[in-house]
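Let's take a friendly walk through a protein model, looking at how some of its side chains meet. Please have a look at the sequence and the structure first.

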Amino acid sequence: MPEEFAIGIHDLSVATTRYVLTHDTLAAHNGSDVAKYHKGIGQRSMSVPAADEDIVTMAAAAAAPIVARHGVDRIRTIVFATETSVDQAKAAGIHVHSLLGLPSATRVVELKQACYSGTAALQFAIGLVHRDRSQQVLVIASDVSKYELGNPGEATQGAAAVAMLVSADPALVRIEDPSGMFTADIMDFWRPNYRTTALVDGHESISAYLQAVEGAWKDYTDRGGRTLDDFTAFCYHQPFTKMAHKAHRHLLHYCGHDADEDAITRHIGHTTTYNAEVGNSYTASMYVGLAALLDNADDLTDQAIGFLSYGSGSVAEFFAGTVVPGYRSHLRSDMHRDAISGRQDIDYAKYREIHEHSFPVDGGDHPVPRETTGPYRLAGLFGHKRIYEPR
Ligand code: COA
(Lines give C-alpha, C1' and ligand atoms only; values in the text may rest on other atoms or scores of the structure.)
Protein backbone atom coordinates (compact mmCIF):
# COMPACT_ATOMS: atom_id res chain seq x y z
CA MET A 1 0.00 0.00 0.00
CA PRO A 2 1.57 3.36 -0.95
CA GLU A 3 2.43 5.38 2.13
CA GLU A 4 0.27 8.36 1.14
CA PHE A 5 -2.81 6.15 1.41
CA ALA A 6 -1.76 4.48 4.66
CA ILE A 7 -4.50 4.10 7.25
CA GLY A 8 -4.22 2.17 10.47
CA ILE A 9 -3.68 2.24 14.21
CA HIS A 10 -2.40 5.60 15.35
CA ASP A 11 -2.60 4.94 19.09
CA LEU A 12 -3.34 1.86 21.21
CA SER A 13 -4.23 1.70 24.89
CA VAL A 14 -5.17 -1.21 27.15
CA ALA A 15 -7.06 -1.16 30.46
CA THR A 16 -8.15 -3.95 32.76
CA THR A 17 -9.76 -4.47 36.16
CA ARG A 18 -8.83 -3.76 39.76
CA TYR A 19 -8.82 -7.42 40.82
CA VAL A 20 -7.04 -10.57 39.72
CA LEU A 21 -7.67 -14.24 40.52
CA THR A 22 -4.64 -16.45 39.98
CA HIS A 23 -4.91 -19.93 38.55
CA ASP A 24 -3.00 -21.13 41.61
CA THR A 25 -5.98 -19.98 43.71
CA LEU A 26 -8.50 -21.54 41.31
CA ALA A 27 -6.59 -24.83 41.21
CA ALA A 28 -6.27 -24.92 45.01
CA HIS A 29 -10.04 -24.52 45.23
CA ASN A 30 -11.14 -27.04 42.60
CA GLY A 31 -8.35 -29.62 43.03
CA SER A 32 -6.99 -29.30 39.48
CA ASP A 33 -3.30 -29.75 38.81
CA VAL A 34 -2.20 -26.15 38.27
CA ALA A 35 0.05 -27.37 35.43
CA LYS A 36 -3.14 -27.93 33.44
CA TYR A 37 -3.71 -24.18 33.60
CA HIS A 38 -0.13 -22.94 33.39
CA LYS A 39 1.04 -25.35 30.69
CA GLY A 40 -2.12 -26.98 29.30
CA ILE A 41 -4.05 -23.80 28.47
CA GLY A 42 -1.24 -21.28 29.03
CA GLN A 43 -2.96 -19.09 31.64
CA ARG A 44 -1.51 -17.66 34.87
CA SER A 45 -4.32 -15.46 36.15
CA MET A 46 -7.49 -13.66 35.13
CA SER A 47 -8.75 -10.13 35.60
CA VAL A 48 -11.93 -9.82 37.67
CA PRO A 49 -14.00 -6.60 37.63
CA ALA A 50 -14.73 -4.83 40.91
CA ALA A 51 -18.38 -4.11 41.75
CA ASP A 52 -18.20 -0.67 40.10
CA GLU A 53 -16.29 -1.79 36.99
CA ASP A 54 -17.70 -3.11 33.72
CA ILE A 55 -17.12 -2.89 29.96
CA VAL A 56 -17.89 0.85 30.01
CA THR A 57 -15.50 1.80 32.82
CA MET A 58 -12.69 -0.29 31.29
CA ALA A 59 -13.39 1.21 27.86
CA ALA A 60 -13.34 4.77 29.18
CA ALA A 61 -10.13 4.04 31.12
CA ALA A 62 -8.50 2.72 27.92
CA ALA A 63 -9.74 5.59 25.74
CA ALA A 64 -9.03 8.49 28.13
CA PRO A 65 -5.24 8.59 27.54
CA ILE A 66 -5.87 8.58 23.77
CA VAL A 67 -8.23 11.54 24.02
CA ALA A 68 -5.75 13.31 26.34
CA ARG A 69 -2.94 12.88 23.81
CA HIS A 70 -4.78 13.63 20.56
CA GLY A 71 -7.75 15.78 21.57
CA VAL A 72 -11.33 15.24 20.45
CA ASP A 73 -11.58 17.53 17.42
CA ARG A 74 -10.96 14.92 14.71
CA ILE A 75 -12.89 12.05 16.34
CA ARG A 76 -16.21 11.86 14.49
CA THR A 77 -17.08 8.23 15.24
CA ILE A 78 -16.85 5.77 18.12
CA VAL A 79 -17.30 2.11 17.25
CA PHE A 80 -17.65 -0.05 20.38
CA ALA A 81 -17.20 -3.79 19.93
CA THR A 82 -18.42 -6.12 22.66
CA GLU A 83 -20.25 -9.37 23.29
CA THR A 84 -20.99 -8.57 26.94
CA SER A 85 -23.08 -5.50 26.34
CA VAL A 86 -24.80 -3.73 29.25
CA ASP A 87 -27.94 -2.81 27.29
CA GLN A 88 -29.91 -4.35 24.43
CA ALA A 89 -30.66 -0.98 22.80
CA LYS A 90 -28.29 1.80 23.86
CA ALA A 91 -24.69 1.62 22.61
CA ALA A 92 -22.21 1.35 25.48
CA GLY A 93 -20.01 3.82 23.59
CA ILE A 94 -22.47 6.62 24.41
CA HIS A 95 -21.54 6.30 28.08
CA VAL A 96 -17.86 6.50 27.08
CA HIS A 97 -18.60 9.49 24.83
CA SER A 98 -20.20 11.23 27.79
CA LEU A 99 -17.50 10.31 30.35
CA LEU A 100 -14.76 11.57 28.01
CA GLY A 101 -16.59 14.75 27.00
CA LEU A 102 -16.59 14.14 23.26
CA PRO A 103 -18.45 16.62 21.04
CA SER A 104 -22.13 16.04 20.29
CA ALA A 105 -21.23 15.93 16.57
CA THR A 106 -20.10 12.31 16.92
CA ARG A 107 -21.51 9.05 15.55
CA VAL A 108 -21.58 6.22 18.16
CA VAL A 109 -22.50 2.61 17.48
CA GLU A 110 -22.01 -0.86 18.99
CA LEU A 111 -21.01 -4.01 17.08
CA LYS A 112 -21.44 -7.69 17.93
CA GLN A 113 -20.10 -10.95 16.53
CA ALA A 114 -18.55 -12.79 19.47
CA CYS A 115 -14.80 -12.14 19.77
CA TYR A 116 -14.48 -11.04 16.13
CA SER A 117 -16.29 -7.69 16.20
CA GLY A 118 -13.25 -5.65 17.30
CA THR A 119 -11.81 -6.43 13.89
CA ALA A 120 -15.05 -5.51 12.12
CA ALA A 121 -14.88 -2.21 14.04
CA LEU A 122 -11.29 -1.64 12.88
CA GLN A 123 -12.16 -2.37 9.24
CA PHE A 124 -15.26 -0.16 9.32
CA ALA A 125 -13.15 2.61 10.84
CA ILE A 126 -10.62 2.26 8.02
CA GLY A 127 -13.48 2.61 5.52
CA LEU A 128 -14.65 5.83 7.19
CA VAL A 129 -11.14 7.30 7.17
CA HIS A 130 -10.80 6.38 3.48
CA ARG A 131 -13.85 8.51 2.87
CA ASP A 132 -12.50 11.49 4.80
CA ARG A 133 -8.81 11.42 5.69
CA SER A 134 -9.16 14.29 8.14
CA GLN A 135 -11.33 12.19 10.46
CA GLN A 136 -10.24 9.82 13.19
CA VAL A 137 -12.28 6.93 14.54
CA LEU A 138 -12.12 5.73 18.13
CA VAL A 139 -12.39 1.93 18.05
CA ILE A 140 -13.04 0.29 21.40
CA ALA A 141 -13.18 -3.42 22.20
CA SER A 142 -14.20 -4.24 25.76
CA ASP A 143 -15.45 -7.46 27.36
CA VAL A 144 -15.85 -9.40 30.58
CA SER A 145 -15.66 -13.14 29.96
CA LYS A 146 -17.85 -15.15 32.31
CA TYR A 147 -18.68 -18.87 32.51
CA GLU A 148 -20.55 -20.83 35.15
CA LEU A 149 -18.59 -21.78 38.27
CA GLY A 150 -17.13 -25.26 37.78
CA ASN A 151 -17.52 -25.15 33.99
CA PRO A 152 -14.34 -26.07 32.03
CA GLY A 153 -14.51 -22.54 30.58
CA GLU A 154 -14.18 -21.04 34.08
CA ALA A 155 -10.37 -21.11 33.84
CA THR A 156 -10.59 -19.07 30.63
CA GLN A 157 -12.40 -16.05 32.04
CA GLY A 158 -10.88 -12.57 32.08
CA ALA A 159 -11.57 -8.92 31.30
CA ALA A 160 -9.92 -6.04 29.45
CA ALA A 161 -10.56 -3.18 27.08
CA VAL A 162 -8.52 -1.90 24.17
CA ALA A 163 -8.97 1.53 22.64
CA MET A 164 -7.45 2.29 19.24
CA LEU A 165 -7.37 5.54 17.36
CA VAL A 166 -7.70 4.81 13.64
CA SER A 167 -6.41 7.49 11.31
CA ALA A 168 -4.55 8.32 8.11
CA ASP A 169 -0.74 8.28 8.42
CA PRO A 170 -0.86 6.12 11.57
CA ALA A 171 2.00 6.22 14.05
CA LEU A 172 1.91 2.52 15.00
CA VAL A 173 0.61 0.01 12.43
CA ARG A 174 -0.55 0.45 8.81
CA ILE A 175 -3.37 -1.95 8.04
CA GLU A 176 -3.17 -3.50 4.55
CA ASP A 177 -5.50 -4.90 1.96
CA PRO A 178 -6.52 -7.60 1.28
CA SER A 179 -8.37 -9.35 4.07
CA GLY A 180 -9.25 -13.04 4.02
CA MET A 181 -12.72 -13.82 5.36
CA PHE A 182 -14.47 -16.93 6.64
CA THR A 183 -17.97 -17.51 8.02
CA ALA A 184 -19.59 -20.80 9.12
CA ASP A 185 -22.89 -21.32 10.96
CA ILE A 186 -21.79 -23.27 14.04
CA MET A 187 -22.79 -23.35 17.74
CA ASP A 188 -19.40 -23.62 19.41
CA PHE A 189 -19.93 -20.74 21.87
CA TRP A 190 -22.95 -18.54 22.41
CA ARG A 191 -24.93 -16.68 25.07
CA PRO A 192 -28.73 -16.54 24.80
CA ASN A 193 -30.26 -13.19 25.87
CA TYR A 194 -31.56 -14.70 29.13
CA ARG A 195 -28.13 -15.84 30.35
CA THR A 196 -25.31 -13.91 32.04
CA THR A 197 -22.80 -16.69 31.43
CA ALA A 198 -21.69 -18.06 28.08
CA LEU A 199 -22.34 -21.59 26.86
CA VAL A 200 -19.42 -23.28 25.17
CA ASP A 201 -18.50 -26.60 23.65
CA GLY A 202 -14.81 -26.00 24.29
CA HIS A 203 -13.40 -28.80 22.16
CA GLU A 204 -15.81 -28.01 19.33
CA SER A 205 -14.73 -24.36 19.54
CA ILE A 206 -11.08 -25.33 19.15
CA SER A 207 -11.85 -27.31 15.96
CA ALA A 208 -14.09 -24.53 14.66
CA TYR A 209 -11.32 -22.00 15.27
CA LEU A 210 -8.76 -24.12 13.39
CA GLN A 211 -11.16 -24.60 10.48
CA ALA A 212 -11.64 -20.82 10.39
CA VAL A 213 -7.85 -20.22 10.38
CA GLU A 214 -7.60 -22.35 7.25
CA GLY A 215 -10.59 -20.72 5.59
CA ALA A 216 -9.52 -17.13 6.29
CA TRP A 217 -5.92 -17.80 5.25
CA LYS A 218 -7.05 -19.47 2.01
CA ASP A 219 -9.23 -16.49 1.12
CA TYR A 220 -6.37 -14.13 2.04
CA THR A 221 -3.91 -15.87 -0.30
CA ASP A 222 -6.56 -16.27 -3.06
CA ARG A 223 -6.87 -12.49 -2.96
CA GLY A 224 -3.16 -11.92 -3.44
CA GLY A 225 -2.05 -11.57 0.18
CA ARG A 226 1.50 -11.98 1.44
CA THR A 227 3.17 -15.36 1.84
CA LEU A 228 3.72 -16.83 5.29
CA ASP A 229 7.46 -16.13 5.17
CA ASP A 230 6.80 -12.39 4.88
CA PHE A 231 5.56 -12.19 8.47
CA THR A 232 7.73 -11.53 11.52
CA ALA A 233 4.94 -12.10 14.04
CA PHE A 234 1.32 -13.22 14.22
CA CYS A 235 -1.43 -11.96 16.53
CA TYR A 236 -4.21 -14.47 17.11
CA HIS A 237 -7.43 -14.22 19.05
CA GLN A 238 -6.56 -15.81 22.41
CA PRO A 239 -9.45 -17.32 24.41
CA PHE A 240 -6.50 -18.92 26.25
CA THR A 241 -2.95 -18.45 25.08
CA LYS A 242 -2.39 -22.10 24.14
CA MET A 243 -5.06 -21.55 21.48
CA ALA A 244 -2.69 -19.19 19.67
CA HIS A 245 -0.07 -21.97 19.66
CA LYS A 246 -2.59 -24.46 18.30
CA ALA A 247 -3.75 -22.01 15.63
CA HIS A 248 -0.26 -21.10 14.50
CA ARG A 249 0.86 -24.73 14.43
CA HIS A 250 -2.19 -25.48 12.29
CA LEU A 251 -1.41 -22.62 9.89
CA LEU A 252 2.24 -23.66 9.56
CA HIS A 253 1.21 -27.24 8.78
CA TYR A 254 -1.46 -26.08 6.35
CA CYS A 255 1.20 -24.07 4.49
CA GLY A 256 3.59 -27.05 4.46
CA HIS A 257 6.02 -25.53 6.98
CA ASP A 258 7.74 -27.20 9.92
CA ALA A 259 5.87 -26.35 13.10
CA ASP A 260 8.53 -26.78 15.76
CA GLU A 261 7.96 -25.06 19.11
CA ASP A 262 10.86 -22.65 18.53
CA ALA A 263 9.30 -21.32 15.33
CA ILE A 264 5.93 -20.96 17.04
CA THR A 265 7.42 -19.14 20.04
CA ARG A 266 9.43 -16.86 17.75
CA HIS A 267 6.28 -15.89 15.85
CA ILE A 268 3.76 -15.52 18.68
CA GLY A 269 5.68 -15.59 22.00
CA HIS A 270 5.47 -11.90 22.81
CA THR A 271 1.78 -11.69 21.87
CA THR A 272 0.73 -14.05 24.65
CA THR A 273 2.38 -12.34 27.63
CA TYR A 274 -0.44 -9.96 28.62
CA ASN A 275 -3.24 -12.39 27.72
CA ALA A 276 -1.75 -15.07 30.00
CA GLU A 277 -2.28 -12.62 32.87
CA VAL A 278 -5.59 -10.89 32.02
CA GLY A 279 -7.37 -13.95 30.58
CA ASN A 280 -9.92 -13.93 27.79
CA SER A 281 -11.07 -10.43 26.94
CA TYR A 282 -13.08 -11.63 23.91
CA THR A 283 -13.20 -8.72 21.40
CA ALA A 284 -10.13 -7.09 22.93
CA SER A 285 -7.99 -10.22 23.13
CA MET A 286 -6.18 -10.06 19.77
CA TYR A 287 -5.43 -6.36 20.27
CA VAL A 288 -4.15 -7.00 23.81
CA GLY A 289 -1.82 -9.42 21.99
CA LEU A 290 -0.76 -6.65 19.61
CA ALA A 291 -0.05 -4.31 22.53
CA ALA A 292 2.08 -6.99 24.20
CA LEU A 293 3.99 -7.56 20.95
CA LEU A 294 4.70 -3.88 20.30
CA ASP A 295 5.60 -3.22 23.95
CA ASN A 296 7.94 -6.16 24.40
CA ALA A 297 9.48 -7.26 21.08
CA ASP A 298 12.77 -5.94 19.72
CA ASP A 299 12.47 -3.30 17.04
CA LEU A 300 9.68 -4.24 14.61
CA THR A 301 10.05 -1.26 12.28
CA ASP A 302 8.76 -2.05 8.77
CA GLN A 303 8.02 -5.65 9.80
CA ALA A 304 4.78 -7.33 8.71
CA ILE A 305 2.42 -8.71 11.36
CA GLY A 306 -0.31 -11.22 10.53
CA PHE A 307 -3.63 -10.94 12.37
CA LEU A 308 -6.12 -13.77 12.76
CA SER A 309 -9.33 -12.63 14.37
CA TYR A 310 -11.86 -15.32 15.32
CA GLY A 311 -15.33 -15.01 16.80
CA SER A 312 -17.34 -18.13 17.59
CA GLY A 313 -20.46 -18.74 15.67
CA SER A 314 -18.31 -18.18 13.57
CA VAL A 315 -16.55 -15.41 11.65
CA ALA A 316 -12.81 -15.08 11.08
CA GLU A 317 -10.58 -12.64 9.23
CA PHE A 318 -6.90 -12.74 8.35
CA PHE A 319 -5.18 -9.47 7.51
CA ALA A 320 -1.73 -7.90 7.62
CA GLY A 321 -0.25 -4.79 9.16
CA THR A 322 3.15 -3.13 8.85
CA VAL A 323 4.84 -1.49 11.81
CA VAL A 324 5.59 2.21 11.25
CA PRO A 325 9.10 3.69 11.76
CA GLY A 326 9.27 5.58 15.07
CA TYR A 327 6.39 3.57 16.57
CA ARG A 328 8.23 2.98 19.85
CA SER A 329 7.97 6.58 20.97
CA HIS A 330 4.15 6.33 20.80
CA LEU A 331 3.72 3.18 22.90
CA ARG A 332 2.16 3.03 26.36
CA SER A 333 4.23 0.08 27.57
CA ASP A 334 4.70 1.25 31.19
CA MET A 335 1.01 2.04 31.55
CA HIS A 336 0.10 -1.44 30.27
CA ARG A 337 2.57 -3.23 32.53
CA ASP A 338 1.41 -1.17 35.53
CA ALA A 339 -2.26 -1.95 34.78
CA ILE A 340 -1.50 -5.66 34.86
CA SER A 341 1.01 -5.77 37.72
CA GLY A 342 -0.99 -3.29 39.82
CA ARG A 343 -4.09 -5.50 40.12
CA GLN A 344 -5.03 -6.69 43.58
CA ASP A 345 -4.99 -10.42 44.23
CA ILE A 346 -8.31 -11.78 45.53
CA ASP A 347 -9.12 -15.07 47.24
CA TYR A 348 -11.65 -17.58 45.98
CA ALA A 349 -14.40 -16.34 48.33
CA LYS A 350 -14.18 -12.76 47.01
CA TYR A 351 -14.10 -14.03 43.40
CA ARG A 352 -17.18 -16.14 44.06
CA GLU A 353 -19.03 -13.21 45.61
CA ILE A 354 -18.30 -11.07 42.54
CA HIS A 355 -19.20 -13.92 40.19
CA GLU A 356 -22.57 -14.46 41.82
CA HIS A 357 -23.53 -10.78 42.06
CA SER A 358 -26.41 -9.54 39.95
CA PHE A 359 -28.50 -6.39 40.19
CA PRO A 360 -32.11 -6.66 41.37
CA VAL A 361 -34.47 -6.09 38.41
CA ASP A 362 -37.07 -4.13 40.43
CA GLY A 363 -36.21 -0.69 39.04
CA GLY A 364 -35.21 0.56 42.49
CA ASP A 365 -32.10 2.50 43.44
CA HIS A 366 -29.07 0.26 43.74
CA PRO A 367 -25.84 2.17 44.41
CA VAL A 368 -22.61 0.23 44.02
CA PRO A 369 -19.79 0.25 46.61
CA ARG A 370 -16.68 2.24 45.74
CA GLU A 371 -14.01 -0.28 44.79
CA THR A 372 -12.33 0.58 41.49
CA THR A 373 -8.95 2.28 41.39
CA GLY A 374 -9.60 3.28 37.76
CA PRO A 375 -10.59 6.75 36.55
CA TYR A 376 -14.32 5.98 36.01
CA ARG A 377 -16.90 3.97 37.91
CA LEU A 378 -20.39 2.60 37.72
CA ALA A 379 -22.25 4.55 40.40
CA GLY A 380 -25.18 2.14 40.36
CA LEU A 381 -28.45 1.15 38.79
CA PHE A 382 -31.17 3.72 39.44
CA GLY A 383 -34.64 3.26 37.95
CA HIS A 384 -33.22 0.66 35.52
CA LYS A 385 -30.58 3.20 34.37
CA ARG A 386 -26.85 2.54 34.68
CA ILE A 387 -25.21 5.71 35.94
CA TYR A 388 -21.47 6.25 35.41
CA GLU A 389 -19.22 8.88 36.96
CA PRO A 390 -15.56 9.85 37.23
CA ARG A 391 -14.07 8.29 40.37
N1 COA B 1 -0.35 -30.75 32.97
C2 COA B 1 -0.15 -30.20 31.75
N3 COA B 1 -1.12 -30.16 30.79
C4 COA B 1 -2.33 -30.64 31.10
C5 COA B 1 -2.60 -31.22 32.37
C6 COA B 1 -1.54 -31.26 33.33
N7 COA B 1 -1.73 -31.78 34.54
N8 COA B 1 -3.89 -31.64 32.37
C9 COA B 1 -4.41 -31.32 31.15
N10 COA B 1 -3.46 -30.72 30.40
C11 COA B 1 -3.61 -30.20 29.03
C12 COA B 1 -4.41 -31.11 28.12
O13 COA B 1 -3.60 -32.10 27.52
C14 COA B 1 -4.93 -30.09 27.12
O15 COA B 1 -3.93 -29.76 26.20
P16 COA B 1 -4.14 -30.05 24.62
O17 COA B 1 -5.37 -29.32 24.24
O18 COA B 1 -2.91 -29.47 24.01
O19 COA B 1 -4.27 -31.52 24.48
C20 COA B 1 -5.16 -28.86 27.96
O21 COA B 1 -4.38 -29.03 29.14
C22 COA B 1 -6.62 -28.68 28.41
O23 COA B 1 -7.05 -29.87 28.97
P24 COA B 1 -8.52 -30.43 28.69
O25 COA B 1 -8.67 -31.74 29.36
O26 COA B 1 -8.80 -30.37 27.23
O27 COA B 1 -9.34 -29.32 29.47
P28 COA B 1 -10.87 -29.05 29.58
O29 COA B 1 -11.68 -30.17 29.05
O30 COA B 1 -11.09 -28.63 30.99
O31 COA B 1 -11.16 -27.81 28.60
C32 COA B 1 -10.98 -25.87 27.31
C33 COA B 1 -10.22 -26.88 28.14
C34 COA B 1 -9.97 -24.88 26.73
C35 COA B 1 -11.70 -26.58 26.17
C36 COA B 1 -12.00 -25.13 28.23
O37 COA B 1 -11.29 -24.37 29.17
C38 COA B 1 -12.94 -24.24 27.48
O39 COA B 1 -14.00 -24.66 27.05
N40 COA B 1 -12.59 -22.96 27.32
C41 COA B 1 -13.36 -22.01 26.57
C42 COA B 1 -12.95 -22.08 25.13
C43 COA B 1 -13.39 -20.89 24.41
O44 COA B 1 -13.34 -19.79 24.93
N45 COA B 1 -13.81 -21.06 23.17
C46 COA B 1 -14.45 -19.98 22.47
C47 COA B 1 -13.59 -19.07 21.75
S48 COA B 1 -12.49 -19.82 20.64
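What follows is a short tour of aromatic rings and of one glutamine.

Keep in mind that this model is predicted. A pair of aromatic rings is described by the distance of the centres and the angle of the planes. In this model, the count comes to 12 aromatic pairs. Take phenylalanine 234 and tyrosine 236: their ring centres are 6.4 Å apart and their planes meet at 25 degrees, so this pair is stacked. Both phenylalanine 234 and tyrosine 236 are buried. These two rings also belong to a cluster, in which ring pairs link Trp217, Tyr220, Phe231, Phe234, Tyr236 and Phe318.

Now turn to tyrosine 348 and tyrosine 351. Here the ring centres are 5.4 Å apart and the planes stand at 65 degrees, so the pair is edge-to-face. Both tyrosines sit in helix 12 (residues 348-356), and because they are 3 residues apart there, about one helical turn separates them. Tyrosine 348 and tyrosine 351 are both buried as well.

Where is glutamine 157 found? Its place is in the loop between strand 6 (136-145) and strand 7 (158-168). With a relative accessible area of 4%, which is under 20%, glutamine 157 counts as buried. Its side chain has a polar atom 2.9 Å from the backbone nitrogen of tyrosine 147. The side chain of glutamine 157 is also joined to that of histidine 355 by a polar contact of 3.2 Å.

Note on methods. Residues numbered from 1 in each chain as written. Predicted model: local features only at pLDDT ≥ 70, side-chain atom pairs only at ≥ 80, totals over all residues. Heavy atoms only, no water. Phe/Tyr/Trp six-rings, centres within 6.5 Å; stacked < 30°, edge-to-face > 60°. Buried < 20%, exposed > 50% of the residue type's maximum accessible area, 1.4 Å probe, protein only. Helix = DSSP H or I, 4+ residues; strand = E, 2+ residues; numbered from the N terminus. Polar contact = N/O pair within 3.5 Å; in protein donor to acceptor, adjacent residues only side chain to side chain.
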